[in-house]
Structures are given as C-alpha cells and as structure tokens.
Amino acid sequence: QVQLVESGGGLVQAGGSLRLSCAASGRTASNYAMGWFRQAPGKERDFVAAISRWGGDVRYNAALKGRFTVSRDNAKNTVTLQMNSLKPEDTAVYYCAASPFLTESVGSYVYWGPGTQVTVSS
C-alpha cells in the first residue's frame, strides 16, 4: 500500500503560481512512477504530468507543457507540481497518483491521493 496526500492548493489570481506537493508513505515511493491528474466539475479526470521512478523521464499534457513542471525527491518521498501562469481553465481538483510504470493512462495508476482544490480567478 502507498498512501498519498496532496497539499498546496488554494485560490490564486490568473497569471499567478502555485506549487503542489504530494507526500507518499507506506511502500517506498521510488518503486513507482508518479503522476498528476486534474478533474474539473462535470469533466473527466485528465492527465497533467508524470515522472519516472528515479526522475529521469517526465511526460506532460502537451497543452500544459511550458507552464507546469513536475519533479520528485525520493529521499523525502515527495512529488511536486510547479504551476505557473495559471489560467481560470486550470481550476480543478488536482490528484497525485502512483503507477508501476510511467504512463499517461489514468487507469494504470493504482494509488491515489484525496486531491487538492486549485481555483484560479480571472
């Protein structure tokens, strides 16, 4: 079992930045690739970014690349999502998740955090 807890969400004005963190406990987080997803009300859960077990490979939603950056610190069992130049359409609940392999597929992630709300005002 891996327990994941996100933090760092909140209310920010358009153009601002937020830094989300995901703390992992239980099995060693470095055994898993980690991903970030988001879900807006009434919409499906969308892929945001993912990072391989040791951080050597990253993937981004092409529409977000350049504004969002994912990183991880296995010594601290944390994964971070830096979000810059935020837009109102970035408003969603953001989830971190763990997968046995690096993938953009939501169905391949086996452990999920409860999510953190990000609201971007115009």
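A disulfide is a pair of cysteine sulfur atoms within 2.5 Å. The legends below describe close-up views of a predicted model.

**View 1. Cys 22 and Cys 96 form a disulfide.**
Their sulfur atoms sit 2.0 Å apart, which meets the 2.5 Å cut-off. Cys 22 belongs to strand β3 (residues 18-26) and Cys 96 to strand β9 (residues 92-99), so the link ties together parts that are 74 residues apart in sequence. The structure holds 1 disulfide. The angle about the S-S bond is 50 degrees, and the link of Cys 22 and Cys 96 is right-handed. Both Cys 22 and Cys 96 are buried. A disulfide is a covalent bond between the sulfur atoms of two cysteines.

**View 2. The largest pocket is lined by 13 residues.**
Its volume is about 180 Å³. Nearest the pocket centre lie Arg 38, Ala 40, Lys 43, Asp 46 and Glu 89. By class, the lining of the largest pocket holds 4 nonpolar, 3 polar and 6 charged residues.

**View 3. Arg 67 makes a polar contact with Asp 90.**
The contact runs from side chain to side chain, at 2.8 Å. Arg 67 is found in the loop between β6 (58-60) and β7. Is Arg 67 buried or exposed? Arg 67 counts as buried, because its relative accessibility of 13% falls under the 20% cut-off. Leaving out residues up to four places away in sequence, Arg 67 touches Gln 82, Met 83, Asn 84, Ser 85, Leu 86, Lys 87 and Asp 90.

**View 4. Gln 82 lies in strand β8.**
Its side chain is joined to that of Asn 84 by a polar contact of 2.9 Å. Beyond its neighbours within four places in sequence, Gln 82 is in contact with Ser 17, Leu 18 and Arg 19, and with Arg 67, Phe 68 and Thr 69. Arg 67, the residue of the previous view, also lists Gln 82 among the residues it touches.

**View 5. Asn 77 and Ser 85 have positive phi values.**
What is the phi of Asn 77? The angle is near 55 degrees, a positive value in a residue other than glycine. Asn 77 sits in the loop between β7 (68-73) and β8 (78-83). Asn 77 is partly exposed, with a relative accessible area of 23%. Ser 85 has a phi of about 50 degrees, again positive although Ser 85 is not a glycine. Ser 85 lies in the loop between β8 and β9. At 41% relative accessibility, Ser 85 counts as partly exposed.

**View 6. Pro 88 is placed in the loop between β8 and β9.**
Ser 85 is in the loop between β8 and β9 too. Pro 88 counts as partly exposed, at 36% relative accessibility. Which residues does Pro 88 touch, not counting those up to four places away in sequence? They are Ala 14, Val 120, Ser 121 and Ser 122. Pro 88 and Gln 13 are 75 residues apart along the chain, and their C-alpha atoms are separated by 8.2 Å.

**View 7. Leu 11 lies in strand β2 (residues 10-13).**
Leu 11 counts as exposed, because its relative accessibility of 64% is over the 50% cut-off. Its contacts, apart from residues up to four places away in sequence, are Thr 119 and Ser 121. Ser 121 is also touched by Pro 88. The C-alpha atoms of Leu 11 and Thr 80 are separated by 18 Å. Along the chain, Leu 11 and Thr 80 are 69 residues apart.

**View 8. Glu 44 lies in the loop between β4 (33-39) and β5 (45-51).**
Glu 44 is exposed, with a relative accessible area of 65%. Not counting residues up to four places away in sequence, Glu 44 touches Arg 38 and Gln 39. Arg 38 is one of the residues that lie nearest the centre of the largest pocket. From C-alpha to C-alpha, Glu 44 and Gly 15 are 24 Å apart in space. In sequence, Glu 44 and Gly 15 are 29 residues apart.

Definitions and conventions:
Residues numbered from 1 in each chain as written. Predicted model: local features only at pLDDT ≥ 70, side-chain atom pairs only at ≥ 80, totals over all residues. Heavy atoms only, no water. Helix = DSSP H or I, 4+ residues; strand = E, 2+ residues; numbered from the N terminus. Buried < 20%, exposed > 50% of the residue type's maximum accessible area, 1.4 Å probe, protein only. 1 Å grid on protein atoms, 1.4 Å probe; cavity = no way out; pocket = protein on both sides within 12 Å on 5 of 7 lines; lining within 4 Å. Points joined across faces, edges and corners; volume = space filled by probe spheres on them. Nonpolar A, V, L, I, M, F, W, Y, C, P; charged D, E, K, R; others polar. Polar contact = N/O pair within 3.5 Å; in protein donor to acceptor, adjacent residues only side chain to side chain. Contact = heavy atoms within 4.5 Å.
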